[in-house]
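Hi everyone, thanks for coming.

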Amino acid sequence: MSDIDAIDRKILTALQKDGRISNLKLAEAVSLSPTAVLARTQRLIRDGYILGFEARLNPAKLDSGMTVFVEVLLDRTTPNIFDAFKAAVLTHPEIAECHMVAGGFDYLIKLRVRDMEAYREFASRRLWQFPGVRETRTYAVIEEVKDGGPLPV
């Protein structure tokens, strides 16, 4: 991060708090002119520090109020199985996140579904049919203490 300075960090922090902040308010917050802030923001986007802007939606209002984590153990860890598994994951919008991990299983999946019945349906008709899946362990979330959040800048 040596190619960004304290003002860039302030811009990144402000944008993480409110991605819809106007350029004028952002300029005031970091004590620069609107033109200078716009140029810096465009550079931060171009250089890959800012990946995009998106709205945070309420999952409960969109029939996705239940969060489920699933550990997935594959039957073989070969490149073609990894590729086929990843391709299957990418076709299902219920899968909010999927991470290849080191340890006692191969992937950790975060799902957003309506309820336990919807999870059972997804698991039996889709997840357990993904290429290479040997075993899964499911963890239903009882309380969401923190979901996402800003990165330290």
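**A pocket and the helices around H1**

Let's start with helix H1, which gives the largest share of the lining of the largest pocket, four residues. Before I go on, please keep in mind that this is a predicted model.

How much space lies in the largest pocket? About 1,500 Å³. Of the 34 residues lining this pocket, the closest to its centre are Gln-16, Glu-54, Arg-56, Gly-149 and Pro-150. The elements that give two or more residues to the lining are H1, strand S2 (95-100) and strand S3 (107-113). And how do we find such a space at all? Rolling a probe the size of a water molecule over the atoms shows where empty space is left.

Now let's look at H1 itself. This helix runs over residues 6-17, and at 1.5 Å a residue its twelve residues should span 16 Å; the end C-alpha atoms are 17 Å apart, which agrees. At the start of H1, a side-chain oxygen of Asp-5 comes to within 3.1 Å of the backbone nitrogen of Ile-7.

Which residues of H1 are buried? They are Asp-8, Ile-11, Leu-12, Ala-14 and Leu-15. These five cover an arc of only 165° around the axis, so they sit on the same side of H1. On the other side of the helix, Ala-6 and Lys-17 are exposed. As for partners, the buried residues of H1 pack against helix H2 (23-30) and helix H3 (34-46).

Is Thr-41 buried or exposed? Its relative accessibility is 10%, and because buried means under 20%, Thr-41 counts as buried. Setting aside residues up to four places away in sequence, Thr-41 touches Ile-11, Leu-15, Leu-26 and Ile-50.

Over in H2 we find Ala-27. This residue is buried too, with a relative accessible area of 2%. What does Ala-27 contact, leaving aside its neighbours within four places in sequence? The answer is Leu-32, Ser-33, Pro-34 and Val-37. One more distance for you: Ala-27 and Leu-38 are eleven residues apart along the chain, and 8.3 Å separates their C-alpha atoms.

That's my tour, and I'm happy to go back to any part of it.

How values were computed. Residues are numbered from 1 along each chain as its sequence is written. This is a predicted model: local features need pLDDT of at least 70, side-chain atom pairs count only at pLDDT 80 or more; totals for chains, interfaces and linings use all residues. Side-chain values use heavy atoms; hydrogens and water are left out. The expected span of a helix is 1.5 Å times one less than its number of residues. Buried means under 20% relative accessible area, exposed over 50%, partly exposed in between (1.4 Å probe, protein chains only). The arc is that of the directions from the helix axis to the C-beta atoms. Contact means heavy atoms within 4.5 Å. A polar contact is a pair of N or O atoms within 3.5 Å; within protein, one must be able to donate a hydrogen and the other to accept it, and residues adjacent in sequence count only if both atoms are side-chain atoms. On a 1 Å grid over the protein atoms alone, a cavity is a set of points where a 1.4 Å probe fits but cannot get out, and a pocket is an open set with protein on both sides within 12 Å along at least five of seven lines; lining residues have an atom within 4 Å of a point. Grid points are joined across faces, edges and corners, and a volume is the space filled by probe spheres set on the points.
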